[in-house]
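Please read the following note beside the displayed model. The points take up charged pairs and then strands.

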Amino acid sequence: MTDLQTRIQQRIKELEPETVANRRHIHELAELSNTEVDTSAFVEEKLREYGFEDIHRPTEFSVVAILDTGREGKKLALRADLDALAVPESEENLAGPRVCRSRTPDKTCHACGHDAHSAMLLTAAKVLLEVKEELCGMLYICFEQGEERG
């Protein structure tokens, strides 16, 4: 394993509490496909907070941040989905009472795991931006609206 890989892994471990907090926040938002108003706003806000300036909205609720190293290299994309499902969320899971719940538990929840995927992608984006000077090529960080309903 390279020094860069080791440092990236260490940084991800350090950011675990932030990743969990982001996941819980997104979980509480739980918006159906093509209505991800608050979720996409939260993601864009976090990306700007992390230092991304080149941010686009290719669709109404999708968010794409571009990390251009300014050096030749591959163009890669990392993506996560933003939407939730129209599934009621119970007050308990297998381990007992839920730590966080959808703000609309009778209507919508992240039963599909997109809340975790988005939180992990936010962490990856933050760490990769921090090591930008050691990377080459371009990276597209994509948060997609409406995956569950196309």
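**Note on salt bridges and strand pairing**

1. Asp-3 and Arg-7 both lie in helix H1 (residues 3-14), and because they are 4 residues apart there, about one helical turn separates them. The model under discussion is predicted. Asp-3 and Arg-7 form a salt bridge, in which the closest N and O atoms are 3.0 Å apart. Asp-3 counts as exposed, since its relative accessibility is 53%, whereas Arg-7 is partly exposed at a relative accessible area of 34%.

2. Why may such side chains pair at all? Side chains of opposite charge can do so when their charged atoms come close.

3. A second salt bridge joins the side chains of Glu-130 and Arg-11, at 2.8 Å from N to O. Glu-130 is partly exposed, its relative accessible area being 41%. Arg-11 likewise counts as partly exposed, with 24% relative accessibility.

4. In helix H3 (residues 37-50), Glu-49 and Lys-46 are 3 residues apart, so about one helical turn separates them. Their side chains meet in a salt bridge of 3.5 Å, N to O. Is Lys-46 buried or exposed? Lys-46 is buried: its relative accessible area is 13%, and the cut-off for buried is under 20%.

5. Salt bridges with shared partners also join Asp-3, Arg-7 and Glu-134 into one network. How many salt bridges does a search of the whole structure find? The search finds 14.

6. Turning to the strands, E1 (residues 55-56) and E2 pair in the antiparallel sense over 2 bridges. The two strands form a hairpin, with 6 residues between them. Within this pairing, His-56 stands opposite Val-64 in E2.

7. Strand E2 is also joined to strand E6 (residues 138-144), by 6 bridges, and these strands run antiparallel. Ile-66 faces Tyr-140 of E6 as its opposite residue, and Ala-65 stands opposite Ile-141 in E6. Why can E2 (residues 63-68) be described as largely enclosed by the rest of the structure? The reason is that 5 of its 6 residues are buried.

8. Strand E6 pairs with strand E3 (residues 75-81) as well: 7 bridges join them, and they run parallel. One of the residues involved is Ala-80, whose bridge partner in E6 is Phe-143.

Technical notes:
Residues are numbered from 1 along each chain as its sequence is written. This is a predicted model: local features need pLDDT of at least 70, side-chain atom pairs count only at pLDDT 80 or more; totals for chains, interfaces and linings use all residues. Side-chain values use heavy atoms; hydrogens and water are left out. Buried means under 20% relative accessible area, exposed over 50%, partly exposed in between (1.4 Å probe, protein chains only). Two strands pair if DSSP finds at least two bridges between them. A salt bridge is a side-chain nitrogen of Lys or Arg within 4 Å of a carboxyl oxygen of Asp or Glu.
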